[in-house]
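Let us take a few and ask what stands behind each.

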Amino acid sequence: MTSETTHWNDVGIDYDKVLGTDASNVALLSAAVDQLPSGARDILDIGSGTGRLTSLCRTALPEARIVGVDPAPAMVEEAEAKFADDPLTSFRHGVAEDLSGLPDASFDVAISSFALHHLELGTYPKAAAELLRVLRPGGVFINADQFCRVMGPAGSKERATDVLALLTDKAKYYLREASFERMLLQIDLLPRFLREDGEILTTPEFWRDHLLDAGFAEADIVATEPVELYNRVIVARKAPGAAS
């Protein structure tokens with residue numbers, strides 16, 4: 001997932017407005033923010049986009065320093081404009097699998113929403129290791145994202161059938177419960193999900209296992225409503241005594 005390849009740099013919709021019509025997404029972000037430690041001083045927002053999750057973190061922790069990283073320059077620019085009057089918030093280009101511009105043990109929290117399913121599957125070990133590295137001992141990683149039920153080779157009948165069924169059900173839900181624009185966004189992205197072209201769903205257990213393999217002390221999976229849409233929050237903690 002790089003600035004040269006991400007299609008989100010060219011999305012021509014009011015992303016915040018469209019996602020704001022979706023109660024399931026609002027519930028997912030709320031569940032993620034609920035996991036923020038009350039004493040967090042430094043927060044890393046990964047895949048920060050236009051700053052929608054950043055705004056919620058700012059409301060929850062008004063004194064915290066927040067750094068947002070995103071692979072899409074257009075979204076970084078939009079977020080910078082939105083937070084131009086907030087001296088404690090900054091944004092930069094970056095991807096989860098390469099946070100080399102950020103020092104070891106520099107954040108209490110790394111948080112993300114609807115972003116990390118853009119990662120290529122082979123980059124998960126590197127991303128998990130980078131997340132662990134930038135967190136302080138006792139720090140927490142919070143990943144609010146959409147997931148699927150079946151892993152397998154891209155294009156395999158079992159995996160494609162699961163993804164097609166899940167995302168078609170989501171599109172119907174969005175049309176019924178959210179907005180026409182939210183439904184269209186899902187339909188427009190459906191071919192990318194099926195080809196695994198910048199949109200690659202995993203099971204929540206896939207992420208959890210990579211985090212544990214990287215050295216996180218624990219990783220829990222929290223379901224949000226409606227559970228059948230397979231939105232989940234993964235909460236992983238670095239051991240308090242872990243080396244930085």
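Q: How many aromatic pairs does the structure hold?
A: This predicted model holds 5 aromatic pairs.

Q: Why is the pair of Tyr-124 and Phe-206 called edge-to-face?
A: The ring centres lie 5.0 Å apart, and the cut-off for a pair is 6.5 Å. The planes meet at 65°. An angle over 60 degrees counts as edge-to-face, so the pair of Tyr-124 and Phe-206 gets that name.

Q: What makes this pair of Tyr-124 and Phe-206 a tie between parts apart in sequence?
A: Tyr-124 belongs to helix α5 (residues 124–134), while Phe-206 belongs to helix α8 (residues 204–214). The two parts are 82 residues apart in sequence, so the pair ties them together. Both Tyr-124 and Phe-206 are buried.

Q: Why is the pair of Phe-141 and Trp-207 called tilted?
A: Their ring centres are 5.7 Å apart, with the planes at 55°. Stacked needs under 30 degrees and edge-to-face needs over 60.

Q: Which parts of the chain does the pair of Phe-141 and Trp-207 link?
A: Phe-141 sits in strand β5 (residues 135–146) and Trp-207 in helix α8. These distant parts are 66 residues apart. Phe-141 and Trp-207 are both buried. Tyr-124, Phe-141, Phe-206 and Trp-207 form one aromatic cluster.

Q: Where does the charged end of Arg-182 sit?
A: It sits over the ring of Tyr-174, 3.9 Å from the ring centre. The distance limit is 6 Å. Arg-232 has its charged end over the ring of Tyr-230, at 4.2 Å from the centre.

Q: Why does His-118 count as buried?
A: Its relative accessibility is 9%. Buried means under 20%, so His-118 qualifies. His-118 is placed in the loop between β4 (107–113) and α5. A polar atom of its side chain lies 2.8 Å from the backbone oxygen of Gly-198.

Q: Which residues touch the most other members of the largest nonpolar core?
A: They are Leu-36, Ile-43, Val-109, Ile-111 and Ile-142, in a core of 33 residues. Elements giving two or more residues to this core include α1 (15–20), α3 (52–60) and β7 (231–237). α2 gives the most, with 5 residues.

Q: What does Val-109 touch, leaving out residues up to four places away in sequence?
A: Its contacts include Leu-36, Ile-43, Leu-135 and Ile-142. A second, separate core has 27 residues, among them Leu-135, Phe-141, Phe-147 and Leu-211.

Notes. Residues numbered from 1 in each chain as written. Predicted model: local features only at pLDDT ≥ 70, side-chain atom pairs only at ≥ 80, totals over all residues. Heavy atoms only, no water. Phe/Tyr/Trp six-rings, centres within 6.5 Å; stacked < 30°, edge-to-face > 60°. Helix = DSSP H or I, 4+ residues; strand = E, 2+ residues; numbered from the N terminus. Buried < 20%, exposed > 50% of the residue type's maximum accessible area, 1.4 Å probe, protein only. Lys NZ or Arg CZ within 6 Å of the ring centre and 35° of its normal. Polar contact = N/O pair within 3.5 Å; in protein donor to acceptor, adjacent residues only side chain to side chain. Core = buried A, V, L, I, M, F, W, Y, C linked by side-chain atoms within 4.5 Å. Contact = heavy atoms within 4.5 Å.
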